[in-house]
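These are my notebook entries on a structure that I looked up.

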Amino acid sequence: LTNGTHISGEDLALHALQALTAEESAAVQAHVAECEVCRAELAAAMGDLALVALSAKSQPLPKGARDRFLTRVAKDAKQAETHPKLAKIIPFNPAAVGKVSVWAPRVAVAALLIIAAGLSWEVMHLDMRLRQEAATLRRMAEENAKAQAVVDALTAPAAQRVLLTSVKTPPSPSGRAVYLPSTGALVFQGNNLASLPADKTYELWVIPANGSAPIPAGLFRPDTAGNASVVMPELPRGVPAKAFGVTVEKASGSDTPTAPILLAGAAPAAGE
Amino acid sequence: VEDVVLPASTDLSAETERNLMIEKVRAVMKELPPEQQRLVELAFFEGMSHTEIAAMTGDALGTVKTRIRSALMSLRKGVQA
């Protein structure tokens with residue numbers, strides 16, 4: 001029966017069908033008790049048989065069978081009430097017992113397999129719904145956390161509020177950055193910005209107070225009214241800013257700012 | 001007057017899904033090669049052992065095993081598709 005170290009799929013299927021001899025079944029049973037791989041394959045075969053059971057066509061009851069059955073049940077119940085302590089002696093008939101013993105387990109197994117298939121189907125359905133609900137919940141939590149971070153950055157006493165203006169006159173383009181160094185939260189709003197050719201973009205920079213290289217803080221293009229904003233770009237936490245700047249870069253952005261700096265603003269110390 | 005929700009005696013959703021599954025299984029069974037269908041019926045519904053089936057059909061024991069296994073695998077794939 002064994003195929004190397006495992007039992008072949010054919011024999012496992014026959015075992016599930018109870019179509020092996022007693023000796024073969026015992027050997028399979030002993031192996032399956034120790035082997036996880038074969039146990040999984042046997043479970044899959046049992047699942048297949050549950051499907052086979054579903055293919056059985058139901059037959060309508062003969063006319064009057066239901067009434068005869070209910071009458072018989074009622075009659076037996078009445079007899080049981082009148083002779084509650086008398087146990088009925090059933091004569092032993094080996095032939096009849098043999099027939100029943102052949103069919104009864106198979107019918108019971110088929111019924112159990114049908115129930116198992118139904119339950120598996122329902123569990124799968126519920127599991128799918130649970131995953132969908134969990135995904136929705138996770139998405140809502142993320143959105144809520146982001147909104148909360150925006151509110152915190154705008155209202156925190158420690159936030160650095162900077163007004164960025166053009167380094168040249170006339171001072172029409174301007175920008176305002178609100179930055180919370182402890183969380184890296186940054187909200188920038190620009191106004192009166194000139195439109196750019198398609199291959200160019202504005203880029204916002206955080207100039208760290210410790211003198212390290214400027215950190216790119218997001219690309220943006222103004223709308224037709226010259227307004228633009230950068231909300232919550234990905235920034236490292238705990239980097240106090242000395243200043244903020246805006247440059248014009250190529251459309252894909254740049255790792256280092258390209259002169260000239262169009263807008264710049266020095267950051268006051270946190271909480272000022 | 002209060003609104004009262006009465007429990008349904010049957011779960012229509014589950015019942016419908018079960019009926020769909022039965023339809024699918026029957027369709028897949030119908031598509032199996034006739035000799036595979038016959039062997040599954042003999043083994044499952046008539047409770048015959050593989051040696052009894054081999055003796056009755058005249059097929060080799062290995063052929064009986066392979067056909068039953070193939071039928072079950074086709075059924076599994078067909079239902080999962």
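**Conventions.** I noted that this is a predicted model, in which local features need pLDDT of at least 70, side-chain atom pairs count only at pLDDT 80 or more, and totals for chains, interfaces and linings use all residues. Residues are numbered from 1 along each chain as its sequence is written, chains are lettered from A and ligands numbered from 1 in the order in which they are written, and side-chain values use heavy atoms, with hydrogens and water left out.

**The interface.** I looked up contacts (heavy atoms within 4.5 Å) and found 30 residues of chain A touching 24 residues of chain B. The size of an interface is often given as the accessible area lost when the parts come together. For chain A and chain B I recorded a buried area of about 2,600 Å², with 68% of it from carbon and sulfur atoms. This area is what two parts lose on being put together, summed over both, with a 1.4 Å probe.

Next I looked up salt bridges (a side-chain nitrogen of Lys or Arg within 4 Å of a carboxyl oxygen of Asp or Glu). The rule finds four across this interface. One pair that I noted is Arg69(B) with Glu41(A), whose closest N and O atoms are 2.8 Å apart.

I then asked which helices of chain A supply at least two residues each to the side that touches chain B. They are α1 (9-16), α3 (36-54) and α5 (94-155); helices are DSSP runs of H or I, at least four residues long, numbered from the N terminus. The largest share, nine residues, comes from α3(A).

**Arg76(B).** I located Arg76(B) in helix α4 (residues 61-80) of chain B. Leaving aside residues up to four places away in sequence, Arg76(B) touches Glu41(A), Ala44(A), Ala45(A) and Asp48(A). Is Arg76(B) buried or exposed? Arg76(B) is buried, with a relative accessible area of 17%; buried means under 20%, exposed over 50% and partly exposed in between, with a 1.4 Å probe and protein chains only.
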